[in-house]
Amino acid sequence: MRVRMKVDGVVYEDEVEPRTLLTHHLRDGLGRVGTPIGCDTSNCGSCTLLVDGESVKSCSVLAVQADGTEITTIQGLAEGSTWHPVQKAFQEHHGLQCGYCTPGMILAAVDLLSHNPDPTEDEVRHGLEGNLCRCTGYQNIVKSVLSAASEMRGDGPLPGSFQDAPAESHETAGASS
Amino acid sequence: MIPAAFDYVAPTSLAEAVSALSEAGEDAKILAGGQSLIPVLRLRLAFPSTLVDLGRVDELRGVREDGDSLVIGAMTRHSEVMDDPLVRQYAGLLAEATATVADPAVRHRGTFGGALAHADPAGDLAAVALALDAELVAEGPGGRRTIAARDFFVNYLETALSPDEILAAVRVPKLEGFWGVRYEKFHRVAQAWAIVGVAAAVRMDGDTPGGSIAEARIGLTNMGATPVRASSVEGALVGAADRAAVQEASSSVAEGTSPPSDLGGQADYRQHLARVLTARAVTAAAGLGG
Amino acid sequence: MTEQLDAGLVAGEIAEHPDALSKPYAGGELGRGRRRKEDAKLVTGQTNWTDNITLPGLLHMTVLRSPMAHARIVSVDVSAALELPGVIAAYSGADLADVQGALPCAWPVTAEMVHPDHPPLAVDEVRYVGDGVAVVVARDRYTAVDALEAIAVEYEQLPAVVDMEAAIAEGADLVHGDKGTNTCFRWPFASGDNYAETVAAAGDDAVVVKRRFRQQRLLPTAIEPRGVVVAPIAAADEYTVYSATQIPHILRVMLALVTGIGEHKIRVIAPDVGGGFGSKLNVYAEEVLALVVAKKLGRPIKWTESRSENYQATIHGRDQIQDIEIAATRDGTLLGLKVELLADMGAYLQLITPGIPILGAFMYPAIYKMKAYDFHCTGVFTTKTPTDAYRGAGRPEATYAIERIMDELAAELGRDPMDLRKQNWIRHEEFPYDMVAGLTYDSGNYEAATEKAEQMFDLAGLRAEQERRRGDNDPMLLGIGISTFTEMCGLAPSRVLGSLSYGAGGWEAAQIRMLPTGKVEVTSGATPHGQGHHTAWSQIVADALGVPFEDVEVVTGDTDSSPKGMDTYGSRSLVVGGIAIHKATGKVLEKAKRIAAHLLEAAEGDVEFSGGTFSVKGSPEATMTIQQVALATFAAHNLPDGMEPTLDSDYVYDPENFSYPHGTHLCAVEIDSETGFTTIRKYVCVDDIGRIVNPVIVEGQVHGGIAQGIAQALYEEAVHDAEGNLTTGSLVDYLVPAAPDLPHFDTGRTETPSTSNPLGVKGVGEAGTIASTPAVMNAIHDALRPFGVRDIAMPATPERVWRALRHDDGTPRDASGTVAYGGPSTNATSGGTS
């Protein structure tokens, strides 16, 4: 079947088998490999992207269902070389380690903040309930999303985790928490 | 994993969809939101010959008022249902339960009608439909018919729909007056299916909070092969005015149920949970504290 | 500056591009929370996961897996699959029998160990659900999956062997019929005084507590499933293997040994790898199969694992039954420990399957002084997926058992569990300390970490609240759990590994390449999969060489460009690989100093190095930066006679000891006694991992570790039915916690430097996982102890907790068995197992 979709700003028209999963169409058909796949039951959320602005798990959508839509993947989230505030926040607050869940996690967070620009910690945790991370224990992801929310509201990001200044001399650095 | 090959049609009207389904024959399946079906296809647990995708049938989507009822199009997505002002005003229990279904991305694709037609007793919405005396509107080659929710859920993953019928809409009678609602979902992790869920709606005497219960509706999730309406408990709850009375009335909620014994819990544990959660749901819905 | 530096093409180019030269080193790299260099590609989707790799003419391989736990293969017919359009090849195990070799086990823990042949594709028998029986190669992944349905296999079912105890009972059905036993090995280890004699000598003063704990089977669940791509140049018999692996270097050696292809003809690349947690510390059937099929066909082959396959075909973790007995005198002084362990190997031995419980053997005595230790482990074959390393690998199991039984002993003695620990742990002034299990702990300060944790947690306040609420019969039960831990990590001194019969060493390699412009390339054999090696290594090099952090580039995960290594596992990267890098920088500096002295016309002894600059004592004008030395070395116009014109250096570091991080984790849970549901209310940990390179990365490691340990305590369990089917075969049923299921963690640190390495660092990758499981479970048992609950199996599901709160007839237990901590010892005799 013929499908036409705009992916990260570019229109593509292709012939696909009806059974082709959206995620495979993007990855194998269009070479948009930024969106990874982590499960086959729509639990892990690694393949989350935005279809017409809303988060979906692209492993549980057929490419034919996405005919006529506009899709944003992690590769299309930045504006040129300017990262989206959520992308920035994930780096500033160490919201990722191996990074495999990160594209889905970031796009789920973008979706969350589009509905709830000022979430509580608890709302962030529930808003990300469809995305599994095995590395971070989620704490820094939550922090990243709260910081991005603050920045997107115009209140500036939360204080970052990383140090812009050099550490104190190692010999004198005491225990910190 | 990857689905086996199938044919695909995407009708744009309900009439087209009904004829497409008939033409596709008995091995066809309806694709609604696909959030249960596509994983099943990927795991190759089902091999439909044709998928009839209702995603482009606009008339199946949306919520409208029709006298004493809301009419919710079968293809209305969970995210639309839970945020819909009419649903929130007249069917708050449905909004609350829908917000617990899966996760936000799944709720963007999954549909109210799809969830009901799938008839998984562990799904949250069937018990709500039952508790709210919803009516399910089916469209088939022979025309349209309306099925009461209590007649709709026939067995595990089995409904009263015939293979050539499509669930078109769900009529949900408005709850008028002061109704308190609560959906108590008990699960081990946020994503998991309910081990037990209790949907409760109660109307208070004098249509004000506090006082005693005038009317109650109780639906149970995952307490048998189909969702369960706890009618006897509903009767026993009438007049209850404090937690102790609610607890007493709730204590018989598991009688006659045959919940599954599986990884989520043994049947006796589920029956115990049903009692605890019913008391909690009703107490909260009735505003009787804690 | 000397004149030859201004001459020549390169120097001229640099003069025109001053930015190409480095800014001066600002200092303070170690201990600084640097932003990760890894993140830019990861947050923008410019990653190179194995499944992203595509090559001209790439073919896709799929594996047909056994649906039965145990069966004889009567026949495999691939002919119908070969008829399908787009199918290039299909092979049964018999078809590949001559070329597929056998999967390796590198850790024969005893000379007598039963080591069954482990063909990548089963030939005669399948021995677990998921055992491969055939492969298909097709032009695309959809066709390759379709073709599996066309393969006809006839099986003759054999009895599944699911339960470990049944497996070693007389007359049990056998997993490997030709071996005559399901016992893989017996490994006795007695250390210190004789346990039985020690207890007997204490006479009536001895208090003995016994328990049986079960370490449930876990599914590691790296979010990236495995994958492999093999690019052959068949005519030259040369192969590039891309694999989602933690161990490209070990994999290269093993692929050569398994297939007979020359090691020098195999290049292994671990591209971006999405988590491992031990599950990618292996040599897998699909890696071998993709290689031999690529060789056969002369075409590039890709195999990508699905999550369902991952749960069947990737190693599982834990799965042990622990009978543990602890003896103390009535005043609480520990006498000794006795452990009888059953460890489920699964159907075959993977790379280090039998070694996992042995790693744990040394950790049961934990941080406690005692005289006698008696350990015995039996490895058991069952018809299930093989077990192997999962985060912590043997040490979480051991720590769980000792920390749980310390609480049980405290209850038996009527003692506060923290006080009992304080009475028995090694005091900070006693380090280095020779442990009963034979290890020498080099450093630690359990008092400091614990004191800090108690303050952060408000332990006294929570105990007071608990007492009050117990008095009020609050149906929400507050429980407080303690876990103090240490672990041996930084695997490992090669001679120690040798003494344990491990098949290789524990060193790590590093190389420093000084580029003409003063930039630095670093290669490391430690291969990252999320840890942030590139950032941390850059900090170590920047600190040592006095170059800017940005000027350091780290190269890992490719046996061509970082050819030597022992890879990443066992919290070893920093304490072994990082030290190798540090040592390599030392060699660079030593030589650079000689060159600087030569160019500055000073005696070498008068040249000093600080902040990236060489200077001459007493001549403030005479300085050279290390970058200038690098350029001069490259130009080679004026070097000391006979000197090689390079500053590059290699170092292979073999540690002299393990590192012993430690910490105190405190957990408060609220248990809904009506439903059994446990909520973690507060989690505090203070970890001591010695000197810190990057505190933000460290904290991330701790968070993730705690999360995985909590997951074992509360959520995760791989369940098999009586026929050996994995009933938790997907993420629907195997409950990996999401963000709402986990609490906020309050983390703190103390820093007691390791004395076993020059940076004073200790490993951190596994610490959180090791400590958190017992902290949570002790909290649950603390909440339930007044009800007479002795032990709840993991995971402590709501149903298990609820049942524990009831008598067998279903009536609720009451809290009459309240134990008042610090109160008189009640009936302190030996406890039975429960």
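Modeller: This is a predicted model. Chain C and chain A bury about 5,600 Å² between them, and 53% of that area is on carbon and sulfur atoms. In this interface, 72 residues of chain C are in contact with 61 residues of chain A.

Biologist: Why is the meeting of Asp28(A) and Arg141(C) called a salt bridge?

Modeller: A side-chain nitrogen of Lys or Arg must lie within 4 Å of a carboxyl oxygen of Asp or Glu. For Asp28(A) and Arg141(C), the N to O distance is 2.7 Å, so the pair meets the definition of a salt bridge. The count between chain C and chain A is five salt bridges, and 28 residue pairs are in polar contact, both residues at pLDDT 80 or more.

Biologist: Which element gives the most to the side of chain C that touches chain A?

Modeller: That element is α20(C), with ten residues. The residues on this side of chain C divide into 31 nonpolar, 25 polar and 16 charged.

Biologist: What makes β2 and β4 of chain A edge strands?

Modeller: The five strands of the open sheet follow the order β2-β1-β5-β3-β4 in chain A, with mixed pairing. Strands β2 (10-15) and β4 (54-57) of chain A each pair on one side only.

Biologist: How do you know that β3(A) and β4(A) pair?

Modeller: At least two bridges between two strands are required. Strands β3(A) and β4(A) have four bridges, in the antiparallel sense, and therefore count as paired. Leu50(A), for instance, has Ser55(A) in β4(A) as its bridge partner.

Terms used:
Residues numbered from 1 in each chain as written. Chains lettered and ligands numbered in written order. Predicted model: local features only at pLDDT ≥ 70, side-chain atom pairs only at ≥ 80, totals over all residues. Heavy atoms only, no water. Helix = DSSP H or I, 4+ residues; strand = E, 2+ residues; numbered from the N terminus. Contact = heavy atoms within 4.5 Å. Buried area = accessible area lost by both parts, 1.4 Å probe. Polar contact = N/O pair within 3.5 Å; in protein donor to acceptor, adjacent residues only side chain to side chain. Nonpolar A, V, L, I, M, F, W, Y, C, P; charged D, E, K, R; others polar.
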